[in-house]
Amino acid sequence: MKRLSQLIFSLIFLLVILMPLAFADQDGLSPGIKSLYDQGVHHYRDGQYEDAYKTFLSVTHDAPEFIESHYYLAITCAQLGRIKDARVAYQDVIRLAPNSEAAKLAKDGLSYLPEGDQ
């Protein structure tokens with residue numbers, strides 16, 4: 001339970017404090033994708049994790065190079081206990097931008113996930 005509390009605290013810290021520094025601008029995205037992404041962020045911040053999950057899954061499908069959406073998908077999956085899916089989404093961030101600040105955050109997120117594929 002302590003490890004889960006540390007994970008949640010760390011994810012919130014990373015999200016609120018560091019995430020704006022980690023990602024490139026979103027200029028290449030269509031307005032529809034940006035709007036859907038913003039909706040997912042709203043769901044996440046409101047604690048509506050299942051809605052956020054569905055939204056970020058759609059965004060990552062429609063804009064697979066959109067790193068920030070993969071990161072939000074990862075932290076949403078972690079909140080839902082979908083550890084295997086969180087691991088895959090974090091790994092996608094690392095694969096898409098291996099030398100970025102986002103990849104560093106994803107590596108941190110991976111380190112807080114419990115072992116196994118719960």
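Guide: Start with the rule for aromatic pairs. Rings of Phe, Tyr and Trp pair if their centres lie within 6.5 Å. In this predicted model, that rule gives seven aromatic pairs. Tyr37, Tyr44, Tyr49, Phe56, Phe66 and Tyr72 form one aromatic cluster.

Visitor: Why is the pair of Tyr37 and Tyr72 called edge-to-face?

Guide: Two values decide. The ring centres of Tyr37 and Tyr72 are 5.8 Å apart, and the cut-off for a pair is 6.5 Å. Their planes stand at 75 degrees, and edge-to-face needs over 60. The pair is therefore edge-to-face.

Visitor: What makes this a link between distant parts of the chain?

Guide: Tyr37 lies in helix α2, residues 31-45, and Tyr72 in helix α4, residues 67-80. The two are 35 residues apart. Both Tyr37 and Tyr72 are buried.

Visitor: Why do Tyr71 and Tyr90 count as buried?

Guide: Buried means under 20% relative accessible area. Tyr71 has 0%, so Tyr71 is buried. Tyr90 also has 0%, so Tyr90 is buried.

Visitor: And Ser58, is it buried, exposed or partly exposed?

Guide: Ser58 is in helix α3. Its relative accessible area is 28%. The C-alpha atoms of Ser58 and Tyr37 are separated by 9.0 Å, at 21 residues apart along the chain.

Visitor: What makes up the largest nonpolar core?

Guide: That core has 29 residues. Those with the most contacts inside it are Tyr37, Phe56, Phe66, Tyr72 and Tyr90. Helices α2, α3, α4, α5 and α6 each give two or more residues to this core. The largest share, seven residues, comes from α4.

Visitor: How do you know that the length of α2 agrees with its residue count?

Guide: At 1.5 Å a residue, its 15 residues should span 21 Å. The end C-alpha atoms of α2 are 21 Å apart, so the two agree.

Visitor: Why are the buried residues of α2 said to line one face?

Guide: They are Ile33, Tyr37, Gly40, Val41, His43 and Tyr44. Seen down the axis of α2, they fall within an arc of 160 degrees, so they line one face of the helix. On the other side of α2, Pro31 and Arg45 are exposed. Just after α2, Gly47 takes a positive phi of about 80 degrees.

Visitor: What do the span and the buried residues of α6 show?

Guide: Its twelve residues should span 16 Å at 1.5 Å a residue; the end C-alpha atoms are 17 Å apart, which agrees. Buried in α6 are Ala102, Ala103, Leu105, Ala106 and Gly109. These fall within an arc of 160 degrees down the axis of α6, so they line one face of the helix.

Visitor: What makes the charged end of Arg82 sit over the ring of Tyr53?

Guide: One test is distance: CZ of Arg must be within 6 Å of the ring centre. For Arg82 and Tyr53 the value is 4.1 Å. The charged end of Arg82 sits over that ring.

Definitions and conventions. Residues are numbered from 1 along each chain as its sequence is written. This is a predicted model: local features need pLDDT of at least 70, side-chain atom pairs count only at pLDDT 80 or more; totals for chains, interfaces and linings use all residues. Side-chain values use heavy atoms; hydrogens and water are left out. Rings of Phe, Tyr and Trp (its six-membered ring) pair if their centres lie within 6.5 Å; planes under 30 degrees apart count as stacked, over 60 as edge-to-face and the rest as tilted. Helices (H or I, at least four residues) and strands (E, at least two) are DSSP runs, numbered from the N terminus. Buried means under 20% relative accessible area, exposed over 50%, partly exposed in between (1.4 Å probe, protein chains only). A charge sits over a ring if NZ of Lys or CZ of Arg is within 6 Å of the ring centre and within 35 degrees of the ring normal. A nonpolar core is a set of buried Ala, Val, Leu, Ile, Met, Phe, Trp, Tyr and Cys residues joined through side-chain atoms within 4.5 Å. The expected span of a helix is 1.5 Å times one less than its number of residues. The arc is that of the directions from the helix axis to the C-beta atoms.
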